[in-house]
Amino acid sequence: MLDAKDLEMFTEIMVKIVEPVRKDITVLQSGMEGMRKDITGLQQKVEELQKTSETVQKDVADIRLTLEQEVIKGIHIIGEGHLDLSRKMNQILETKEERDLIELRVLSLEHEVRRIKDRLEIA
């Protein structure tokens with residue numbers, strides 16, 4: 001059987017074998033603790049990004065609503081105003097053309113009246 005010296009020697013061998021493993025486990029545990037802290041930090045950043053994303057989505061929805069309700073309606077109003085101005089401009093141009101034709105007709109009639117007067121004075 002094993003005597004005390006053999007057991008002591010066996011214990012020393014086991015300590016020599018187990019000690020590096022213990023150190024490795026300690027290093028791994030330390031590294032895992034650092035990873036846990038990093039993961040916690042990443043989780044917090046992801047939560048912040050989610051909140052920011054929600055805020056951006058809300059802002060985009062507000063902008064879209066504003067576009068739909070105000071800007072697009074304003075564009076339609078401006079377009080209608082432009083159409084009205086275009087119609088009025090066409091009316092003015094038509095009226096001016098009519099006036100020009102009337103002026104030409106009046107000048108022609110005045111000229112005819114002068115010719116008639118001249119003939120009547122001679123005769």
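I am working with a predicted model, where local features need pLDDT of at least 70, side-chain atom pairs count only at pLDDT 80 or more, and totals for chains, interfaces and linings use all residues. Residues are numbered from 1 along each chain as its sequence is written, and side-chain values use heavy atoms, leaving out hydrogens and water.

**Helix α1.** I looked up where Ile-17 sits and found it in α1, residues 4-122 (helices are DSSP runs of H or I, at least four residues, numbered from the N terminus).

**Kink.** I found a kink of about 40° centred on Leu-67 (the bend is the angle between axes fitted to the seven residues ending there and the seven starting there).

**Salt bridges.** I count five in the structure (a side-chain nitrogen of Lys or Arg within 4 Å of a carboxyl oxygen of Asp or Glu). One of them joins Lys-96 to Asp-100 at 3.1 Å, N to O; the two lie four residues apart in α1, about one turn. Another pairs Arg-36 with Glu-33, closest N and O atoms 3.4 Å apart, and these sit three residues apart in α1. An α-helix has 3.6 residues a turn, so residues three or four places apart point the same way.
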